[in-house]
Amino acid sequence: MPAVTVTTLQELKQKGEKIAMLTAYDATFAHAACQAGVEVLLVGDSLGMVVQGQDSTLPVSIDEMAYHTACVKRGNQGALIVTDLSFMSYATLEQTLANSARVMQAGAHMVKLEGGVTLADAVQRLAENGVPVCMHMGLTPQSVNLFGGYKVQGRGEAQARQLRADAIALEQAGAAMLLLECVPSELAAEITQAVKIPVIGIGAGSATDGQVLVLHDMLGLSLTGRAPKFVKNFMDGQTSIQAALAAYVKAVKEVSFPAAEHGFSA
Ligand code: KIV
């Protein structure tokens, strides 16, 4: 399979073929995910929770993001690698540029930032400097303290209007991809229609251009014993991790995942 690029993702959106994205934090799982047909590997700052055992993503440093990106790069077999900029590592434009350079030089092909239109200038400067940007919107876990918990976002007309406007403004600023987390399925469908760039969902219904899950969640592994509503355990009925990864990709492509029960209403 030729290497996945931003152009590949655009073409998949245009063709209406769903994009399978999954988190990876090390070389072996990156390799296994590629073998299963995952097109986008996300070196997510969720590593703070599932690898480090922290209670949020906030303690993760940009050094740790660069370290795990380098690990994933070594196991990658042609997927597009997206790396999160960690909490407060993009508070100023200078930090944004320097820390994006850091993770791109470690092996990322795209950086992911959490937020809305207030980051439009940063997105534009990154794009001008050759850095594709994925904007993570809706439930942005780095803002958990501001939200007062991990809550569905975009409910109610005012919030929905703001999310739609932010998505369009970020596309205009040069964002290469959007990721919507925990937003009502109907709103996610509208945003996906409204922009030309690929939109990936997690807890955002089945109408987005692709899906992402946290690796440990979809393998049924949890430190707390609880899984979010949008998670499906793909180990159910499988005899190996490799088979579970393949089942995830198949379900995303066939749009049998997510089911209505994994989404949220307005
Ligand atoms: O860090 C992460 O794994 C993420 C996903 C929840 C999308 O941002």
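A nonpolar core here means a set of buried Ala, Val, Leu, Ile, Met, Phe, Trp, Tyr and Cys residues joined through side-chain atoms within 4.5 Å, where buried stands for under 20% relative accessible area, exposed for over 50% and partly exposed for in between (1.4 Å probe, protein chains only). What you're looking at is a predicted model, so local features need pLDDT of at least 70 and side-chain atom pairs count only at pLDDT 80 or more, while totals for chains, interfaces and linings use all residues. Residues are numbered from 1 along each chain as its sequence is written, and side-chain values use heavy atoms, with hydrogens and water left out.

**Overall build**
- The protein has eleven helices and eight strands, taken as DSSP runs (helices H or I, at least four residues; strands E, at least two) numbered from the N terminus.
- Its radius of gyration is 17 Å, close to the 18 Å from the globule rule for 266 residues, so the protein is as compact as a globular protein of that length. That radius is taken over C-alpha atoms, and the rule is 2.2 Å times the number of residues to the power 0.38.
- The C-alpha trace spans about 45 × 40 × 40 Å along its principal axes.
- Of the 266 residues, 55% count as buried.

- Setting aside neighbours within four places in sequence, Leu178 is in contact (heavy atoms within 4.5 Å) with residues including Cys134, Met137, Leu170, Ile191 and Val199.

**Backbone spots to look at**
- Met88 has a positive phi of about 65° although it is not a glycine. You'll find Met88 in the loop between β3 (80-84) and α5 (93-106), and at 53% relative accessibility it counts as exposed.
- Val255, also not a glycine, has a positive phi of about 60°. Val255 sits in the segment after α11 and is partly exposed, with a relative accessible area of 37%.

**An exposed loop glycine**
- Gly225 lies in the loop between α10 (215-218) and α11.
- With a relative accessible area of 68%, Gly225 is exposed.
- Gly225 and Leu179 are 46 residues apart along the chain, and 26 Å separates their C-alpha atoms.
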